[in-house]
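Subject: Structure for your review

Dear colleague,

Please find below the structure that I am handing over to you. My notes on what was found in it follow directly after.

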Amino acid sequence: MTDDVDDGWAASAAAWIIEQGEDGDYGRRFVLDAPMRARIEGRGFRNALDVGCGEGRFCRIMQCAGIRTTGIDPTEALLARARELDPRGDYRLGRAETMDIDACFDLVVSYLSLIDIPDLGTAIAKMVGALRPGGTLLIANLTSFNTAGQPDGWARDRKGEMRFAIDHYMDERPIWLSWRGIRLQNWHRPLGTYMTLLLDHGLQLRLFVEPEPTSGDPRRNDLHRRVPYFHMMEWQKPA
């Protein structure tokens with residue numbers, strides 16, 4: 001079960017569902033989906049755990065690749081939407097930090113969910129614990145230099161040029177972000193925090209990329225290339 005953490009997700013669920021639709025928002029549709037699909041397709045994965053599955057969109061994508069999926073999320077309204085769109089799917093109410101799942105998955109996915117988790121160390125330990133030996137942990141996350149510039153983000157300087165100010169990079173902290181009826185708490189953490197926690201579990205880094213947009217609004221893509229939103233990591237648990 002879940003606790004009473006006020007991170008904005010319960011109040012923002014309806015607006016989030018509208019924002020995502022079936023195809024996902026800008027970042028998913030034009031930046032992350034293609035490379036994330038490339039990491040799951042044709043590699044023999046049989047069963048996957050999606051941590052922070054939300055409305056179940058990436059679970060459905062993995063099922064199209066022939067992978068059995070289990071999704072876990074702490075927001076009941078999002079899980080209700082996931083079950084509505086995928087009545088036969090396995091969607092469970094819970095938090096990454098408190099989930100109790102055996103080491104039976106050959107793939108664990110965190111698709112833009114690490115930034116939502118207050119107790120990151122415990123959550124990563126639980127994700128690693130859900131992997132069978134030799135299994136893969138696939139992560140898409142916001143870049144740390146991007147979160148270090150939030151919530152203000154882009155602003156015009158005295159000459160009218162768009163600039164992105166990064167500050168207090170080393171200070172781990174919660175950040176509240178608001179857009180189109182959505183108000184959520186994210187966490188800024190230095191990249192070293194993520195890397196150290198993952199390395200401390202003996203995981204082996206197999207992939208680190210900062211994907212670029214493949215299509216979409218050219219003006220937004222230009223800003224993305226100046227200050228990328230996302231990185232992807234793939235880690236393997238020793239056999």
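Is R180 buried or exposed? R180 is exposed, because its relative accessible area is 59%, and the cut-off for that class is over 50%. Please bear in mind throughout that this is a predicted model.

R180 sits in the loop between strand 8 and strand 9. Strand 8 covers residues 173-179 and strand 9 covers residues 182-188; the two pair in the antiparallel sense, over seven bridges. Within this pairing, S178 stands opposite R183 in strand 9. The hairpin has two residues between its strands. R180 is not a glycine, yet its phi is positive, at about 45 degrees.

**Two further backbone features**

H168 also has a positive phi, near 50 degrees, and is a residue other than glycine. H168 belongs to the loop between strand 7 (162-164) and strand 8. The other feature concerns a peptide bond: the one from Q150 to P151 is cis, with omega near 10 degrees. P151 is found in the loop that runs between helix 6 (144-147) and strand 6 (154-156).

In soluble globular proteins, nonpolar side chains tend to be buried together. The largest nonpolar core of this model has 49 residues, and those that touch the most other members are L32, M36, L49, L107, V108, M127 and L137. Among the elements that give two or more residues to this core are helix 2 (26-40), helix 5 (120-130), strand 4 (105-111) and strand 5 (131-142). Apart from this core lies another, of seven residues, including A13, A15, W16 and I182.

Which residues does M36 contact, once its neighbours within four places in sequence are left aside? They are F58, V109, Y111, L138, A140 and M232.

**Salt bridges**

Side chains of opposite charge can pair when their charged atoms come close. The count for this model comes to 14 salt bridges, and three of them are described here.

- R28 and D25 form a salt bridge in which the closest N and O atoms are 2.8 Å apart. R28 counts as buried because its relative accessibility is 10%, and D25 is buried as well, with a relative accessible area of 16%; the cut-off for buried is under 20%.
- R81 and E84 form a salt bridge with the closest N and O atoms 3.3 Å apart. Both residues lie in helix 4 (residues 76-85), three residues apart, which is about one turn of the helix. R81 is partly exposed, at a relative accessible area of 26%, whereas E84 counts as exposed, at 54%.
- R189 and E172 meet through their side chains in a salt bridge of 3.2 Å, N to O. R189 lies in the loop between strand 9 and helix 7, and E172 lies in the loop between strand 7 and strand 8, so this pair ties together parts that are 17 residues apart in sequence. R189 is buried, with a relative accessible area of 1%, while E172 counts as partly exposed, at 42%.

Salt bridges that share partners also join R39, R43 and E234 into one network.

Yours sincerely,
A colleague

Notes. Residues are numbered from 1 along each chain as its sequence is written. This is a predicted model: local features need pLDDT of at least 70, side-chain atom pairs count only at pLDDT 80 or more; totals for chains, interfaces and linings use all residues. Side-chain values use heavy atoms; hydrogens and water are left out. Two strands pair if DSSP finds at least two bridges between them. Helices (H or I, at least four residues) and strands (E, at least two) are DSSP runs, numbered from the N terminus. A nonpolar core is a set of buried Ala, Val, Leu, Ile, Met, Phe, Trp, Tyr and Cys residues joined through side-chain atoms within 4.5 Å. Buried means under 20% relative accessible area, exposed over 50%, partly exposed in between (1.4 Å probe, protein chains only). Contact means heavy atoms within 4.5 Å. A salt bridge is a side-chain nitrogen of Lys or Arg within 4 Å of a carboxyl oxygen of Asp or Glu.
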